[in-house]
Amino acid sequence: KPFHFAQVETSCRAAGLAFAGNARLFLNMLDLAVRPEARALLKRATSRSAFETLRDGLRNPFYRRDVYVKGTPIADEARFWKLHDDLIVGLVEDAPPGVDLGGTEVAFDAFPFAALREGLAGGPRRVAEIPGLIPEIARDAVRAALGLGLVRALPSFAEPAPPPEGDRLRVPHPLNRALLADALHAHGPLPLASVAIGGFVEMRRTEAIALDAIAASEAGFAGAEAAVVARLMSAAESRSGDLGAAAALHVVAREGLALLTPERLVLLARLGVVEAF
């Protein structure tokens with residue numbers, strides 16, 4: 001049966017685990033988690049358990065994604081902000097122009113996000129060293145931008161290598177090859193590992209199927225559509241003479257291939273998801 005947050009947290013605490021927060025970062029932040037008119041209610045919460053319970057009641061989520069850590073989480077505020085200020089962040093290359101939080105829309109072309117974009121335009125920076133923003137504003141801007149998906153935390157300042165030139169693609173990471181091979185059975189966006197950023201990049205299911213077919217095809221981009229359709233026909237156990245099914249699958253193949261624009265492929269190469277040869 002489904003469990004309430006307090007039940008799971010109690011069980012995890014008994015096993016030596018401590019609740020660190022919701023994996024959807026913005027849900028940990030009062031000013032982003034709920035509509036403005038509901039924030040006064042959350043401010044009255046006297047514990048994290050009460051906060052989580054009230055927020056779930058207001059948002060009515062289908063399921064939660066929580067992070068628990070072994071041992072004691074950071075409880076000292078000075079240490080927390082020191083770690084925050086030393087965090088290296090960079091812009092998410094394919095970030096949308098804004099985000100809908102479920103009733104509240106945030107645009108990234110307004111302050112402080114516009115200033116944050118400008119400060120990180122030259123490359124990743126430590127939070128405390130972002131040009132054009134005083135430390136207090138940089139802290140709040142990065143905190144919100146991380147939760148909203150405008151910036152991501154990076155392991156270092158190292159820039160990903162530029163993509164090599166070539167007519168064909170391959171997927172160098174074995175984990176990504178395994179994930180792409182199962183793209184036909186995936187539900188929702190597919191997370192692929194990026195060594196360059198020490199994290200994951202999401203790919204739509206049709207895009208992932210197209211990429212996997214291109215990487216596996218000897219013909220490369222030239223035979224991409226035929227390769228995608230052949231793969232879909234095989235999965236659907238359709239015969240090559242079934243013209244109606246073939247026409248529908250060609251439409252699906254084109255939709256997936258349309259997502260793999262030259263700009264998108266350059267980004268995936270810089271993230272280390274694909275490489276050309």
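Me: Which residues do ring pairs link into a cluster?

Reply: This is a predicted model, in which local features need pLDDT of at least 70 and side-chain atom pairs count only at pLDDT 80 or more, while totals for chains, interfaces and linings use all residues. Residues are numbered from 1 along each chain as its sequence is written, and side-chain values use heavy atoms, with hydrogens and water left out. Rings of Phe, Tyr and Trp (its six-membered ring) pair if their centres lie within 6.5 Å, and planes under 30 degrees apart count as stacked, over 60 as edge-to-face and the rest as tilted. The cluster that such ring pairs link together consists of F5, F19 and Y68.

Me: What is the arrangement of the rings of F5 and F19?

Reply: The structure holds five aromatic pairs. In the pair of F5 and F19, the ring centres are 4.9 Å apart and the planes stand at 75°, so the arrangement is edge-to-face.

Me: How many residues apart are F5 and F19, which the pair links?

Reply: Helices (H or I, at least four residues) and strands (E, at least two) are DSSP runs, numbered from the N terminus. F5 belongs to helix α1 (residues 5-14) and F19 to strand β1 (residues 17-22), so that the pair links distant parts of the chain, with a separation in residues of 14.

Me: Is F5 buried or exposed?

Reply: Buried means under 20% relative accessible area, exposed means over 50%, and partly exposed lies in between (1.4 Å probe, protein chains only). F19, with a relative accessible area of 12%, is buried. F5 has a relative accessible area of 6%, and therefore F5 is buried.

Me: Which residues of α7 make the contact with α5?

Reply: Contact means heavy atoms within 4.5 Å. On the side of α5 the contact is made by W81, H84 and D85, and on the side of α7 by R139, V142 and R143.

Me: What separates the C-alpha atoms of R139 and D85?

Reply: R139 lies in helix α7 and is partly exposed, with a relative accessible area of 25%. Not counting residues up to four places away in sequence, R139 touches W81, H84, D85 and V127. Although R139 and D85 are 54 residues apart along the chain, their C-alpha atoms are separated by 7.1 Å.

Me: What is the relative accessible area of E207?

Reply: E207 has its place in helix α9 (residues 205-216). Leaving aside neighbours within four places in sequence, E207 is in contact with G256, L259, L260, R264 and L268. E207 is buried, and its relative accessible area is 3%.
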